[in-house]
Amino acid sequence: DAGPLRAVELEDRSQRAWMHGHWTDEVSSRQTIARLLDHLWMGGLAGVSDRRGTARRWDVIERCLPAGEPAAVDAEPLTEAEVVRRAALRAVSMLGVARAPHINAHFTRRRYPQLGAALDALERSGELARVEVAGLRGEWLIRPADLERASGLEPGRRTVALSPFDNLLCDRGRAAELFGFDHRLEIYVPAGKRRWGYYVLPILHHERIVARADLRLDRDGGTVLLRVLALHREPGRRADRAVRRALESLARWRGAELAAG
């Protein structure tokens, strides 16, 4: 009734808090609204209407879809096999080229029952094709239309700081296999045992990851500072000016000034 709302604006009327199952009860109780929204989102009942700054605003799904689009709640239920088929196709389209373990780790993440049978069927129907990737093991899958376009792709020209949860990196094994980039999220690692830092953002320059930056957002009086606690260059790869510009762009987006240390 109130229109789009942030999660913090939703009233928690639950009779019992969501239970995490491990970790701490304090973490569990703060997650009740978040888990409810996630459940409604995955069920096609709620969606993200817009963002105010970095905060998402939630609304009923009918008001989040473009005008004239059918609501998810009105769609015909899909069989499990059809869900896996569609999800696998979408995963391959986002990944570009992938092996079965990469697909299983993407999009609906580890929820691909009978994935092998689905991939075989997609290959028989011509919706996927098997290819080899030079220098890498195994057979890979690609959409035929993407294979036809591959030779005409423009080389990457951006330099950008990536979230450690970016689709390029979230499958750590695939990132290491394709790009030779070994990344680990260390927010739960004791400070003295961290190799890179608490919250590290890899820097993509053109088509290679050239560095990783450990960053922290601070307030110094009335000034917001994006502090570079550490900048680790990847072996044999230097693009210092481009990396600085990418970090300055990130700072501007957060309304901050870039600062060292």
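Strand E8 (residues 208-220) and strand E9 (residues 223-233) run antiparallel and are joined by ten bridges; strands here are DSSP runs of E with at least two residues, helices are runs of H or I with at least four residues, and both are numbered from the N terminus. At one point of this pairing, Asp220 stands opposite Thr223 in E9. The model is predicted, so that local features need pLDDT of at least 70 and side-chain atom pairs count only at pLDDT 80 or more, whereas totals for chains, interfaces and linings use all residues. Residues are numbered from 1 along each chain as its sequence is written, and side-chain values use heavy atoms, with hydrogens and water left out.

The secondary structure of the chain comprises eight helices and ten strands. The C-alpha trace spans about 60 × 55 × 40 Å along its principal axes. Of the 261 residues, 31% count as buried, a term applied under 20% relative accessible area, with exposed meaning over 50% and partly exposed lying in between (1.4 Å probe, protein chains only). Among contacts in the chain with a separation of 6 or more, 46% are between residues 24 or more positions apart, where contact means heavy atoms within 4.5 Å.

E8 and E9 belong to an open sheet of five strands in the order E6-E7-E8-E9-E10, with mixed pairing; two strands pair if DSSP finds at least two bridges between them. Strand E6 (159-161) and strand E10 (257-260) stand at the edges with a single partner strand each, so one side of each has no neighbour in the sheet. From one strand to the next the twist averages 35°, with axes taken as lines fitted to C-alpha atoms (for helices over the stretch in contact) and angles running from 0 to 180 degrees between N-to-C directions.

Strand E7 (residues 200-205) is largely enclosed by the rest of the structure, because six of its six residues are buried. Both of its faces are covered, with Val200, Pro202 and Leu204 buried on one side and Leu201, Ile203 and His205 buried on the other. E7 pairs with E6 in the antiparallel sense over three bridges, and Leu204 in E7 is the bridge partner of Val160. Six bridges join E7 to E8, again with the strands antiparallel, and Pro202 has Arg212 in E8 as its bridge partner. The hairpin of E7 and E8 has two residues between the strands, and His206 takes a positive phi near 60° there.

Arg212 is also a contact of Glu234; leaving aside neighbours within four places in sequence, Glu234 is in contact with Phe181, Ile209, Val210, Ala211 and Arg212. Glu234 lies in the loop between E9 and H8 and, at 9% relative accessibility, counts as buried.

Grid points are joined across faces, edges and corners, and a volume is the space filled by probe spheres set on the points. One cavity of 30 Å³ or more is counted, and the largest cavity holds about 30 Å³. Its lining consists of Val210, Ala211, Leu231, Arg233, Arg237, Arg238, Ala239, Asp240 and Val243.

The largest pocket contains about 1,100 Å³ of space. It is lined by 21 residues, with Trp41, Met42, Arg90, Phe107 and Thr108 nearest its centre. Helix H2 (32-42) and helix H3 (80-95) are the elements that give two or more residues to this lining, and H3 provides the largest share, six residues. The lining comprises twelve nonpolar, three polar and six charged residues.

In the second largest pocket, the space amounts to about 890 Å³. Of its 25 lining residues, Leu95, Gly96, Leu153, Leu168 and Phe179 lie nearest the centre. The elements giving two or more residues to this lining are H3, helix H6 (144-150) and helix H7 (172-179). Twelve nonpolar, four polar and nine charged residues make up the lining of the second largest pocket.

Methods. 1 Å grid on protein atoms, 1.4 Å probe; cavity = no way out; pocket = protein on both sides within 12 Å on 5 of 7 lines; lining within 4 Å. Nonpolar A, V, L, I, M, F, W, Y, C, P; charged D, E, K, R; others polar.
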